[in-house]
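These are notes for a colleague opening this entry for the first time. Please keep the structure in view while going through the points.

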Amino acid sequence: MPQHPLLIESWLPIEAIGAESQRERGYGTPFPALNRLHVWWARRPLVLSRAAILGGLLPEWSNDFPAHLQVKFTNVETYHNWLSQFFGIRGDPVKARKLIAWASEKDITIKGGPYGGAPRAFTVNPSSEDLQTMGDLLEWTWGKRDLSVLDPFAGGGSIPFEALRYGFTTYANDLNPVAAIILKATLDYPARFGPLLAEDIRKWGNEWARRVKAKLDPYFPKQPGESVFAYLWARTVACPTTGKLVPLSPNWWLATGDKLVAVRMICEPEMDAPRFEIVTGAQAKAAKPDEGTIARGVGRSPWTGETIDGDYIKAEAQAGRMGQMLYAVAVKKRGGFDFRVPTEEDWQAIARVEAELQRKRPEWIAKDIIPNELIPVGNKTTEPMRYGAHAWEDMFSPRQLLAIGVFAETRKEISAEMRKVLVDERANAIETYLAIALDKSTIYNNRSCRFDPGRGIRSVFDRHDFAFVWSHAEFDASANLLQWTINQTEDAYNGLVELAAPSQSFYIGKASQIPVNIVQGSAASLPHLADASIDNITVDPPYYDNVQYAELSDFFYVWLKRSVGHLYPEFFRDELTNKDDEAVANPARFAALTPGPLRQAQGGASPKGRGGAGKARELAEQDYENKMAAAFREMYRVLRPEGSLTVMFTHKKVEAWDTLASALIGAGFAIKASWPVHTESEHSLHQAKKNAAASTILLVCRKREVFSNQSSVSSGTDNWSLNTGVWWDDIKETVRTTARQKAAEFAAQGMHGVDLYISTFGPALSIISERWPVLTSEIDPKTGQPRPLRPETALDLAREEVIRLRKEGLLAGRDVRFDPVTDWTLMAWDAFAAVEFPYDEARKLAIALGVDMDKTIMASKRLAVKKSSSVVLQEPLKRRKKGMVDEDVLLFEHWIDAAHTAMLLYAEDGAGACDVFLRRNNLKNDTTFKALVQSLINAIPRARIKGKFVRPEAEVLDNMRLAFYPEMTVPTEEEPELPVEKQLGLFEQAPEVAEDESEEE
């Protein structure tokens, strides 16, 4: 261990870090430059990454600090205050977040901004004085100032970027070649070349765009003075009866809100093809634009009115007979868009495109300009393949492919000319950023891009998949697309340079000593690192099956291989990305090994062990655990004995935590501390509608100590297995008590919902990892020895304790007993704070409460219905059934039925009818029924939008309270202190005033 305990083992300002993490990607403010440079999935916030690294290297406060540090840090409070500002935290972001939430509910605009002008934490660079103090603290803690930080799953680069900003020797590794390119552009080049490279990016990029415009102008005709923003297309199939084209669009809206604009489709019997016109205002409403021609994969022919079967549409697509039709053009104007229908010139240009692409495509294939690699069968690639996209070039319409092909071909010309006047390293950097601009062009100009009138053309990666869209948007690739992506790339580069300013000094005079080491390879094999050579590992590993990185990044890989593969040949040895060595749970990889249909497995809906789908998922889960175990063993090897490992993890499923814990513990680590950090905006989770975990958990680990008589163990020995271990029965109560204590502690800090349950997982795992191996009374028939505990057992125990604690909280500490069915309903609302949440979590909750999920909760009681891999709670109206939710019942089987009947009567017939029902059934003053009403008021989210409850259940319960139970309380709504308005100085900028959900790009 280091000479002194580490900060992260005892303290972190988790509320402030969480508030700043949410602010980092807030609406109305630019995302961090890393996010704007290139798409990567599930990046961690910079401020969280910074806190994790610094917390894992700096010491906790000590009376034994050297004299000059004792003067600077007279007590714990002064030290913690300094650390908070060293993390970049200014003002009171926690107070500001509460103010934002309050103002959103009240529909109030905060004048002057909630943050009081304080900068976002990630934008704050450490001062030279603070870096000097940090060095002094490190030297006192570790006996040296130069420390190393490794991220073996570096991905988009948040962790190594922050390590570099604070001057640590940084090692960034990722298996994925696309990530490796992003890391080069994020970590190395901004620090190496500084702000002047932006001028070169702009110069060569502008020349590239100028040449492209000249080549593509004939294919994008415009009206005089017109600036086209987007062309709007609908997929088409032939009407099965008439053979005429049917444009498939879910609706025909172009703009909603204050100004209604829609497309009216005209299909007269004598016409050969549909005709379109633009309608506004009342005419737009009259055109019934909500009535599209496709819904849930089933079409409708406007020629006959008949239904077009989904299988027919897919068969047409698979046969190459699905086409597309241009139905509207969005034109830029001040403050928004105007719309027009396609002109004859537009149709003629489209015809010229098809002829030109037919001429150019063989040449481009021969010169390896466009990607004709087949799309591999995978977890996320089934959707485009289902509708006829078999090669990566098929993701683009003919004009989109022609445009991107011209981009790629012209970029090669530019690169050749650039290398005549620039040295290789600088030219390599510029080529890399131009390749990134090309990547940006592809994600905003393909058949999976949709048009959003409020926010423009949306990226194919709006979500973490290749979602098929029926009506897609096309950029004006001659004038707007490339120039925009070049400007975006240059802007992101400038942002990176500004953030990386401290690290730029490390390059001065050190041409041969690069402080960042970027390697593309498996986290399970780091041969470039010696045993016990790394001081700190901070890692954000793949989360089970959350993101299929390799499958998604093939979209970029096929272009990067052609644009910069010659610069980084070591990254691009394979035809597509390496999926076999990727540490994710991907059932598609095991399709060939499992009999039976695998469609369910790829959708994630089939339970484990049922048919081919379940077997594939089981194999995928085991494969993920094996790979994570190998990666953690390698981290154990390279970490110094006194070093620390911090693992970031966000996942709702207990299986994912069980797998992570098994891998960590099996590799020889003990969990010393855990910190739940609320990193996601409530708005981005669609609060009260669909549940998602909002917190990132930091698990702080050390190499597990061995007994004193086992001090001489080689690095290849499983030294952790030499401990004799303990029995699960002997530590079960410790786990139970700890989980309860931690849940109470985190609840007091504002943690709620599923995050509260997850927050106890770290403390539970800490207890078993410290004492590993933990043995059970179950005997393994193969070995005759006691089976070791699966961490999932401890996590389930922690969950049970949170259930007990939360039920007490809902009942204000009273001991009121309902029944298991009612308890499940209450705890589901309390745990998930949403109407929709994962089925598996619902099932585990039911098991903990002793009730059958399928037979009782869903089939018999209709409290929830299955929706894919989720369940949806049912409103009282949908549960109406004779003898269950029924006003004529005199004795209810379950208390929740009585409550739902009262709520339904109040909603439909008012307070009078509800009052009669309650009095007749002796419920109005029944202490158990009143306790249930109070608990439901406390459990069901009271979130509001513009003053109106999001959930109708919350509204009717509040009305019942006001009508019958005025003595009942509602969850406290804190009235925040409004900021004092001040006159902005001449050079001050107005701060952000509100935040909402935003996507990465």
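1. In α28, Tyr-839, Ala-842, Arg-843 and Ala-846 meet Met-853, Asp-854 and Met-858 of α29. The residues of this contact divide into 5 nonpolar, no polar and 2 charged. The model is a predicted one, and the notes below should be read with that in mind.

2. The geometry of the pair comes next. Helix α28 covers residues 839-849 and helix α29 covers residues 853-860. Their axes come within 10 Å and cross at roughly 110°. Angles of 65 to 115 degrees count as roughly perpendicular, which means that α28 is roughly perpendicular to α29.

3. How many residues of α3 are buried? The answer is 10 of its 10 residues, and the helix is mostly covered. The buried residues are Leu-46, Val-47, Leu-48, Ser-49, Arg-50, Ala-51, Ala-52, Ile-53, Leu-54 and Gly-55.

4. Ile-53 deserves a separate look. This residue sits in helix α3, which spans residues 46-55. Ile-53 counts as buried because its relative accessibility is 1%, and the cut-off for buried is under 20%. Apart from neighbours within four places in sequence, Ile-53 is in contact with Val-149, Ile-159, Glu-162, Ala-163, Phe-168 and Thr-538. Ile-53 and Leu-645 are separated by 592 residues in sequence, yet their C-alpha atoms are 9.4 Å apart in space.

5. Asp-465 lies in a loop, the one between β14 (456-457) and β15 (471-475). Is Asp-465 buried or exposed? Its relative accessibility is 15%, so Asp-465 counts as buried. The side chain of Asp-465 reaches the backbone nitrogen of Ala-467 at 3.2 Å. With neighbours within four places in sequence set aside, the contacts of Asp-465 are Lys-380, Val-460 and Leu-552.

6. On cysteines, the count comes to 0 disulfides. A disulfide is a covalent bond between the sulfur atoms of two cysteines. Cys-239 is buried, with a relative accessible area of 2%. Cys-914 is buried as well, at 0% relative accessible area.

7. The bond from Trp-772 to Pro-773 is cis, with omega near 0°. Pro-773 is located in the loop between α25 (761-770) and β22 (774-779).

8. Backbone angles also call for a remark at Asp-368. Its phi is near 60°, a positive value in a residue other than glycine. Asp-368 belongs to the loop between α13 (344-366) and α14 (382-386). With a relative accessible area of 38%, Asp-368 is partly exposed.

9. Ala-532 is another residue with a positive phi, about 50°, although it is not a glycine. The loop that holds Ala-532 runs between β16 (516-520) and β17 (534-539). Ala-532 is partly exposed, its relative accessible area being 28%.

Methods
Residues numbered from 1 in each chain as written. Predicted model: local features only at pLDDT ≥ 70, side-chain atom pairs only at ≥ 80, totals over all residues. Heavy atoms only, no water. Helix = DSSP H or I, 4+ residues; strand = E, 2+ residues; numbered from the N terminus. Buried < 20%, exposed > 50% of the residue type's maximum accessible area, 1.4 Å probe, protein only. Contact = heavy atoms within 4.5 Å. Axes fitted to C-alpha atoms, helices over the stretch in contact; angles between N-to-C directions. Parallel < 35°, antiparallel > 145°, perpendicular 65-115°, else oblique. Nonpolar A, V, L, I, M, F, W, Y, C, P; charged D, E, K, R; others polar. Disulfide = S-S within 2.5 Å. Polar contact = N/O pair within 3.5 Å; in protein donor to acceptor, adjacent residues only side chain to side chain.
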